[in-house]
Amino acid sequence: MKGLEWYVARRYLASRRKARRLLSLSTFIAIGGVAVGVMALLIVIAVMTGLQRDLQEKILAGTPHIFVYEAGTGLRLGNWQEMMARLEERPEVVSAGPLLTPAVMVARTFDYVQPGVLVGIQPGLGAQPLSEVERGILSGEYSLGPEPGPGVVPGILVGSQLAGRLAVLPGDTLIVGTIENPQFTTGGVMPPLQQFVVTGTVRTGMYEYDNVNLYTHLAAVQDMLDLPPDSIGMLAVNVTDPWRADRVAAALNNELDYPYRVESWMAMHGALFSALRLEKLAMAIILSLIIIVASFNIVSMLTMVVTDKTREIGILKSMGMTDGGVLRIFMLQGMIIGAVGTVIGGLLGGGIIWVIDRYELIRLPGEVYFIDTLPFALDPFDVVLIVLVSMLIAFGATIYPARQASRLQPVDAIRHD
C-alpha cells in the first residue's frame, strides 16, 4: 500500500493531460515559492553569520582576549609585573603583556588635528604576541623604531585610515598630545605633548582600529605621561580558547580582589554582537514569511487536486484504500513540493553565496560597517534549521486538504460531477 500511495501522489503532481495542465502549473508555482523563500533565507542568514564571524576574527586579530585593570579615577595599574607573573601561571593563559592606551589628538601641522588612541605596547615580553600588530612587529613586517631614550625621537605606527587623513608617510613627524595627566604650572594647565617619527602604517582590516589607533613603545607613552615604569593602563591577556574568554574572565574576577577588574573582548563588544544576533533573528522571522506565503500555494494546489480527483478518490476508497492512505497521498504531495523547492532553493542560494563571496561583488563603506566587503558564511546548524522549517511549513500546508480528501465518502465521491 505504501508503494501505491507514493505512485498515486506522483501521478497527481505530474499530470500530463491537457485538462490537468493548470494543476501542473500550480505545482510549479508552489515549488517556486518554496525555492525563493529558502534561497532568500539562506542568503540573508549567510550574510548575518558571515558579518558576525568576520567582525569577531578582525576584533580578535587586533585586540587581546582579556583585559585586567585597576578600578579608580586614573585607571592605572601599578606593580604590573607581579600581576602578570600571577596570570601566566594559570593553565588557560598563553600570554600576557602591558598596555597603555590614552586618548590623544594627533597633528602633522597644528592647523589640522585628528583624534586617536595611542597604544603603548612592549612586543616580545609575553610568551606569544597579543595581537596581529605585535606579531607583525616581531616578524619584521612593521617597525616601532629604536628604543626610547635620551635624545631619541620615538617611532610610531599609524592606522592606515588615520594615516590617509593625516597624509603622512614613513619618516614624517607627528605631534601627539593628550589631556591625561596634565601638568599644572603657574602659566596654566600644560597637556602632555610628544613628538614621534612615523615608521609605517598598519592595516588590520577593522575600520574601527585603523581609523584611530597609533602604536608605539610602552616606555614612550609612559615618558609622555610622566609615569613610572611600573605604572601602566592595563594588562592584556590571551587565552587558549578565545571563545571561552568570558568564562576565564569571570573566574579571574572571582579570584582577584578589589580593586582589580577583568573584562573579556566579548563583554567589550557585547552590544555590537547582541545587535547582530537580534538582527539575524528578525531577518530569519521576516524571510520565513516568504515560505509561509508559498505554503498557501500548496494549500490551494492540493485543494484543486482534491476537487479534480474526487471521483478517483472515491474509486480508490471503494477498492479498499483507507482514510489514512488517502491522507498520506496528499501529505506526500505537499512534502514532495516542499522537498523539491527546498533543494532547488538551497542550490540556488548556495551558488549565489559562493559567487558573491568568491569574487567579493558587494563592496561596503568601511566607515559605516567596519568592513569593506560583504562577507558570507553558512553555519551547518543554520542550514539544517532552514531545511527543517521549510519542510515543517510544507507539511503544515497539507493538513487541511489532506483531511478533506480522507473524509470523502466513496459513494458521494464517485457521484461527484
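The questions and answers below concern a predicted model of one protein chain.

Q: How many helices and strands are there in the protein chain?
A: The model is predicted, and its secondary structure includes helix α3, which spans residues 80-88. Strands are present too, among them β13 at residues 234-239. The totals for the protein chain are 15 helices and 14 strands.

Q: Is the protein chain a compact globule or more spread out?
A: For 417 residues the globule rule gives a radius of gyration of 22 Å, and the value for this chain is 33 Å, well over that figure. The C-alpha atoms fill a box of roughly 110 × 45 × 40 Å along the principal axes. The radius of gyration exceeds the rule, so the chain is more spread out than a compact globule.

Q: What share of the contacts with a separation of 6 or more is between residues 24 or more positions apart?
A: A contact here means heavy atoms within 4.5 Å. Trp-80 gives examples, since its contacts beyond four places in sequence include Pro-229 and Leu-235. Over the protein chain, the share for residues 24 or more positions apart is 79%.

Q: How far apart are the centres of the positive and negative side chains?
A: The protein chain carries 31 positive side chains and 37 negative ones.

Q: Is Trp-80 buried or exposed?
A: Trp-80 lies in helix α3. Residues around it include Pro-98, Gln-122, Leu-125 and Ile-232, each in contact with Trp-80. Its relative accessible area is 6%, and the limit for a buried residue is under 20%, so Trp-80 is buried.

Q: What is the C-alpha to C-alpha distance between Trp-80 and Gly-233?
A: In sequence, Trp-80 and Gly-233 are 153 residues apart. Trp-80 is also in contact with Asp-230, Ser-231 and Ile-232, among others. In space, the C-alpha atoms of Trp-80 and Gly-233 are separated by 9.5 Å.

Q: Where is Ala-167, a residue other than glycine with positive phi?
A: Phi of Ala-167 is near 60 degrees. Ala-167 is partly exposed, with a relative accessible area of 48%. Its place is the loop between α5 (160-166) and β7 (173-177).

Q: What is the relative accessible area of Glu-360?
A: Glu-360 is found in the loop between α12 (323-359) and α13 (366-369). Its phi is positive, near 50 degrees, in a residue other than glycine. Glu-360 counts as partly exposed, at a relative accessible area of 44%.

Q: Which residues do ring pairs link into a cluster?
A: The count of aromatic pairs comes to three. Ring pairs join into a cluster Trp-243, Trp-265 and Phe-273.

Q: Which residue is buried, with a relative accessible area of 1%?
A: Trp-243 is partly exposed at 42% relative accessibility. The buried residue, at 1%, is Trp-265.

Q: Why is the pair of Trp-354 and Tyr-359 edge-to-face?
A: The ring centres of Trp-354 and Tyr-359 are 6.2 Å apart, and Trp-354 is exposed, with a relative accessible area of 52%. Planes over 60 degrees apart count as edge-to-face. The pair is edge-to-face because its planes are at 90 degrees.

Technical notes. Residues are numbered from 1 along each chain as its sequence is written. This is a predicted model: local features need pLDDT of at least 70, side-chain atom pairs count only at pLDDT 80 or more; totals for chains, interfaces and linings use all residues. Side-chain values use heavy atoms; hydrogens and water are left out. Helices (H or I, at least four residues) and strands (E, at least two) are DSSP runs, numbered from the N terminus. The radius of gyration is taken over C-alpha atoms; the globule rule is 2.2 Å times the number of residues to the power 0.38. Lys and Arg count as positive and Asp and Glu as negative; His and the chain ends are not counted. The place of a charge is taken as NZ of Lys, CZ of Arg, CG of Asp or CD of Glu. Buried means under 20% relative accessible area, exposed over 50%, partly exposed in between (1.4 Å probe, protein chains only). Rings of Phe, Tyr and Trp (its six-membered ring) pair if their centres lie within 6.5 Å; planes under 30 degrees apart count as stacked, over 60 as edge-to-face and the rest as tilted.
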